[in-house]
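Q: Hi! I have a protein model open and I'm new to this. Could you walk me through it?

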Amino acid sequence: MRICATYGAVPEGPVPADMQEVRLDVFPSVPEWADENTIVTAAGKDHITLPEGFEGIVDVGDRDTFVPCRKIRSFHHFNGVPPSAFLMMEMGSGDQWLSKCACTVNSFRDLHTLYRVSKVIDRRHVILGMGELGTVTRIRQDVLNNVFTFAYSGQPTAPGQLSVEEMNELGDNPEIMGIIGHPLSHSKSPRMQNAAMRKAGIKGRYLVFDSPDLTDLPDVIREYRIRGLNVTIPYKQDVAPMMDVLEGPAKTIGAVNTIINDDGRLIGTNTDVAGIIHAFSKTGKELSEHSKVLIHGTGGAARAAVYAAMSQDCEVTVMGRTPEHVSSLCEEAGCEAFAGGSVSSFDAVINCTPIGMKEDSAYLFDINDIRGSMTVLDMVYNRKTALVRAAEARGSKIAKGSDMLVGQGAESFRLWFGKDPDIRTMEDAL
């Protein structure tokens with residue numbers, strides 16, 4: 001990658017990078033160390049004073065201002081990505097040395113649009129996505145045919161930037177992994193997987209892809225060379241038909257939590273099953289030692305829980321808000337629907353819903369019926385839920401949602417990289 005360092009505050013001197021950006025809303029003047037690899041960015045200033053003999057580059061913004069050196073015209077769209085035809089027209093006009101375009105990325109469709117524009121524009125350019133979902137565009141400089149990419153020193157100057165140190169560490173063609181879902185503000189998978197990759201010596205980055213829909217997802221995975229993805233609420237079932245092939249438990253349950261990009265062939269599988277079994281094993285009582293298991297929920301995670309419990313010869317019962325969904329799952333899996341009453345007769349309860357993420361959410365069963373002889377697994381791992389508190393008060397065994405996260409994440413890691421991660425590193429990262 002060819003990295004241009006950009007500064008949120010005036011530095012003592014330039015950091016190690018291929019290029020430097022001097023923003024005139026940060027710097028009072030062009031520093032003495034500016035050379036032919038320095039971009040002086042007007043940043044809204046009407047008047048630009050350049051040192052005598054300046055051989056660098058000037059970013060004049062979206063105005064077609066004359067400068068006596070190489071010129072960049074930059075266009076910013078903070079509310080989203082305009083249609084590709086508009087971007088082509090905007091970037092294609094003018095006599096600038098380079099056209100730069102930065103757009104806030106809100107969806108996979110936006111990422112796909114930026115990729116398509118990068119492939120057809122016939123002039124020197126830098127095309128970037130702003131925001132967390134746009135970070136991949138900053139790493140994949142070669143994919144977008146960008147002349148260079150930006151990284152910050154000190155503090156970010158645009159949302160979605162990585163630091164110069166992080167970008168230098170990634171180097172050329174790093175692995176890109178990530179998680180898709182909506183919303184994703186609670187996810188700890190990036191912290192866990194990035195730590196595991198560093199420990200294993202893998203140059204790469206695990207990113208957050210929070211999109212309101214899945215439009216153009218398969219194209220984006222292939223276009224940006226994304227090695228693998230985890231899938232969470234609400235997309236585990238929606239993703240399945242988009243895969244070229246389903247493997248492992250995903251073939252049976254129709255829910256995908258892990259995507260593998262095998263040279264453009266998208267493989268969908270499910271490691272939630274391994275995660276559930278791992279979480280129970282950490283309690284000292286394997287899932288197979290529980291004869292009657294209650295599954296709370298009917299979504300993709302619940303399907304994995306049903307599969308895990310039945311694969312361990314447990315008798316499975318399902319409860320959910322929508323009777324049709326409960327009936328459908330039970331008919332497909334060959335288990336029973338909860339008939340009502342107390343849950344005190346079960347040996348284990350697995351909550352596979354987001355209930356518990358907020359204090360005012362209500363379960364479909366009376367948590368006061370939890371017994372001390374039970375094992376309880378709540379997949380909500382970012383807080384101690386009312387269900388977990390009730391189980392702890394009665395002396396129940398607690399299969400931690402964080403242990404499930406580690407278990408499924410470790411299995412995903414193996415499938416992506418063909419090697420075992422350091423489990424302790426993953427646990428410590430959480």
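Predicted model: local features only at pLDDT ≥ 70, side-chain atom pairs only at ≥ 80, totals over all residues.

Q: How much of the chain is buried?
A: Buried residues make up 54% of the 430 residues. Buried means under 20% relative accessible area, exposed means over 50%, and partly exposed is in between, with a 1.4 Å probe and protein chains only.

Q: Let's look at a helix. What can you tell me about H12?
A: Helix H12 covers residues 401-417, which is 17 residues, and reaches 24 Å from its first C-alpha to its last. That is close to the 24 Å expected at 1.5 Å a residue; the expected span is 1.5 Å times one less than the number of residues.

Q: Is H12 enclosed or open, and why?
A: Largely enclosed by the rest of the structure, because 13 of its 17 residues are buried.

Q: What about H5? Which of its residues are buried?
A: In H5 the buried residues are Ser 189, Pro 190, Met 192, Gln 193, Asn 194, Ala 195, Ala 196 and Met 197. The helix runs over residues 189-200 and reaches 16 Å from its first C-alpha to its last.

Q: What covers those buried residues?
A: The cover includes strands E9 (175-181), E10 (204-210) and E11 (228-231), along with H12 and helix H13 (423-429). H5 is followed by Gly 201, which has a positive phi near 75°.

Q: New topic: how do H9 and H10 cross?
A: The axes of H9 (residues 300-311) and H10 (residues 323-333) come within 11 Å and cross at roughly 35°. Axes here are lines fitted to C-alpha atoms, for helices over the stretch in contact, and angles run from 0 to 180 degrees between N-to-C directions.

Q: Which residues meet there?
A: From H9, Arg 303, Val 306 and Met 310 meet Ser 328, Leu 329, Glu 332 and Ala 333 of H10. The residues of this contact divide into four nonpolar, one polar and two charged. Contact means heavy atoms within 4.5 Å. Ala, Val, Leu, Ile, Met, Phe, Trp, Tyr, Cys and Pro count as nonpolar, Asp, Glu, Lys and Arg as charged, and the others, Gly among them, as polar.

Q: How many disulfides are there?
A: A search of the whole structure finds zero. A disulfide here is a pair of cysteine sulfur atoms within 2.5 Å.

Q: Where are the cis peptide bonds you can show me?
A: One runs from His 182 to Pro 183, with omega near 0°; Pro 183 lies in the loop between E9 and H5. Another joins Ile 233 and Pro 234, with omega about 5°, and Pro 234 is in the loop between E11 and strand E12 (245-246). For background, most peptide bonds are trans, and most residues other than glycine have a negative phi.

Q: So what is the phi of Asp 216?
A: Asp 216 has a positive phi of about 70° although it is not a glycine. Asp 216 sits in the loop between E10 and helix H6 (217-223).

Q: And Asp 263: buried or exposed?
A: Asp 263 is exposed, with a relative accessible area of 79%, whereas Asp 216 counts as buried at 17%. Asp 263 has a positive phi of about 55°, and its loop is between strands E13 (258-262) and E14 (265-269).

Key
Residues numbered from 1 in each chain as written. Heavy atoms only, no water. Helix = DSSP H or I, 4+ residues; strand = E, 2+ residues; numbered from the N terminus.
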